[in-house]
Amino acid sequence: MKFLCDQMLGTLAKWMRIYGFDTFYANRETDDKELIDICSKENRILITRDKTLIHRARRENVETIEIKTTDINDQIRKVISDREIDSRKVLSRCILCNTSVDEIKKDKVEGKIPKKVYDNNEKFWYCKKCNKIYWKGSHFENMIDKINEIKKSIAAS
Ligand SMILES: [Zn+2]
């Protein structure tokens, strides 16, 4: 399942990537027609707060999710309400560019990350496009907590 977030939903796009969903994030130069074309061609679900864009997309048979809130937790809840989050896929994708990250040997990251992080972690991942190195630090635990919280609140509603 693939997604596209419009220009207004950058934070949501970041979270979708953290959770391992393939998410295209539109930049400011991308116009509505291009957004719809990308969704059609790449079979992406359009996520937007723009009603006009929703109507246009539906006319082109593009699946849409309309976001009505500015609250990020509510936005995440809305998008993933009936989709399974696979915790094994969390952090499988670069947050900056959406590329799948590759595992990298520990000795290869020495000196490229803070020493404390190096000492406290055994597994690292690497985005070959942005040269960014990822690890499952304390922020990772927070993400898992957030997923569980959201799942719980969905189950309860
Ligand atoms: Zn990247």
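What covers the buried residues of α4?

A: A word on the model comes before the details. This is a predicted model, in which local features need pLDDT of at least 70 and side-chain atom pairs count only at pLDDT 80 or more, while totals for chains, interfaces and linings use all residues. Residues are numbered from 1 along each chain as its sequence is written.

Now to your helix. The cover over the buried residues of α4 includes α1 (10-18), β3 (44-48), β4 (64-66) and α7 (138-156). Helices here are DSSP runs of H or I with at least four residues, strands are runs of E with at least two, and both are numbered from the N terminus. Helix α4 itself spans residues 72-80, and its buried residues are Q75, I76 and V79. A residue counts as buried if 20 or more other C-beta atoms lie within 10 Å of its own, as exposed if 12 or fewer do, and as partly exposed in between, with C-beta atoms placed from the backbone. These three residues sit on the same side of α4, because they cover an arc of only 95° around the axis; that arc is taken from the directions from the helix axis to the C-beta atoms.

Let us follow one of those covering elements, α1. The axes of α1 and α4 come within 10 Å and cross at roughly 55°, so α1 is oblique to α4. For these values, axes are lines fitted to C-alpha atoms, for helices over the stretch in contact, and angles run from 0 to 180 degrees between N-to-C directions. Angles under 35 degrees count as roughly parallel, over 145 as roughly antiparallel, 65 to 115 as roughly perpendicular, and the rest as oblique. On the α1 side, T11, L12, W15 and M16 make the contact, and on the α4 side I72, Q75, I76 and V79 do. Contact means that the C-beta atoms of two residues, placed from the backbone, lie within 7 Å.

Finally, some context for the whole chain. There are seven helices and seven strands in it. Buried residues make up 23% of its 157 residues. Among contacts with a separation of 6 or more, 49% join residues 24 or more positions apart. The C-alpha atoms fill a box of roughly 55 × 40 × 20 Å, taken along the principal axes.
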